[in-house]
Structure formats: C-alpha cells, structure tokens
Amino acid sequence: MSASDVSAATAIVVAGDEETRVLLRGLLRLHHFRVEGEAEGAMHALELVRDRHPSLMVADVNLAEGSSSALIAEARATFPPLRVILVAPASRPPLPAPNPEHRPDVVLLRPFRIRQFAEALTPPSGPYRASDSPSPGRN
C-alpha cells in the first residue's frame, strides 16, 4: 500500500459480536486503515456507508440484525465503489450469492492468519469467484 493509499484507506466494521469488532478494528488499524465506525447490524452499517463513504467494509456473517447478503447489496447500491470483505467461519462458508451485487469482494474464513487478512485488503485482480476448497483467503 502506498502513502497515497493510506490517506484514502477508510473502513467500517460490522459484526454482531463485540470481540469480533475489536479484533477486526485492530487488524485494520495495524494495516493503516482509518476505522470510520462500527456497527452491530445492517441498519447502522448502512447509515455509516451513507454518511462516511468508506473505501472498505469488513463484515462478519453474524450480525445483530439483518443478513450479510442484504447488507452487501444495499451498501453497494448506496456507495458503488465500496469494497467488501466478508468474514465467516470455515466450518460454515457462505454460498456464493446468485447476484453479483450481493457478493463480497473477498470471503475470509476464520480462523485466519494476519497475512491472510493483509492479502484480503488488497483489491483482487479479477472478479469474485467461489472457491471449491474451504481454504482461508481470497475466493
């Protein structure tokens, strides 16, 4: 990430569990993202997207309210350049959504290594693809 990328690197964190939000916020800050806000569920997350226009949304599949698929679709409709990383347990990886606007850019499966998180922050070279294997990282 270059110096100009760092200045524009803003993110929001969305997770129903406070410990997950703390972990994701810390990892984003470690990688020089400015965390613009946090939300437990989809409604507050969408307010943050509308108000802050972050470059990245890191969302856990477990939300206090709403679904991650609907959140992704509505967030992209609100702010199309938004990149989305979806965090999910490796034991229950999400199925690829049929509509591209419902798909995250990256699915990061827990548990993951810090290196895998860092790789997920880098924009993918191609479109989202569902992986046949449950290995963590880019899909």
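## The chain at a glance

Of the 139 residues in this protein chain, 43% count as buried; that word means under 20% relative accessible area, while exposed means over 50% and partly exposed is in between (1.4 Å probe, protein chains only). What you're looking at is a predicted model, where local features need pLDDT of at least 70, side-chain atom pairs count only at pLDDT 80 or more, and totals for chains, interfaces and linings use all residues. Residues are numbered from 1 along each chain as its sequence is written, and side-chain values use heavy atoms, with hydrogens and water left out.

The chain has five helices and five strands. Start at the N terminus and the elements go α-β-α-β-α-β-α-β-β-α. Helices (H or I, at least four residues) and strands (E, at least two) are DSSP runs, numbered from the N terminus.

## Surface and contacts

Now for contacts, meaning heavy atoms within 4.5 Å. Take those between residues at least 6 apart in sequence: 62% of them join residues at least 24 apart.

Thr10 sits in strand β1, which covers residues 10–14. Thr10 has a relative accessible area of 8%, so it counts as buried. Leave aside its neighbours within four places in sequence, and Thr10 is in contact with Phe33, Arg34, Glu36, His53, Pro54, Ser55 and Leu56.

Leu108 belongs to strand β5, residues 106–110. Leu108 is buried too, because its relative accessible area is 0%. Leu108 and Ala120 are 12 residues apart along the chain, and their C-alpha atoms are separated by 7.2 Å.

## A pair of rings

Rings of Phe, Tyr and Trp (its six-membered ring) pair if their centres lie within 6.5 Å; planes under 30 degrees apart count as stacked, over 60 as edge-to-face and the rest as tilted. By this rule there is one aromatic pair. Phe112 and Phe117 form it, stacked, at 5.8 Å centre to centre with 20° between the planes. Both Phe112 and Phe117 are buried.

## How confident is the predictor?

pLDDT is the predictor's confidence in each residue, from 0 to 100. The chain averages 86, and 83% of the residues score at least 70.

Over residues 1–6, pLDDT stays under 50, and the model has five contacts beyond four places in sequence for them. Residues 126–139 also stay under 50, with 26 such contacts in the model.
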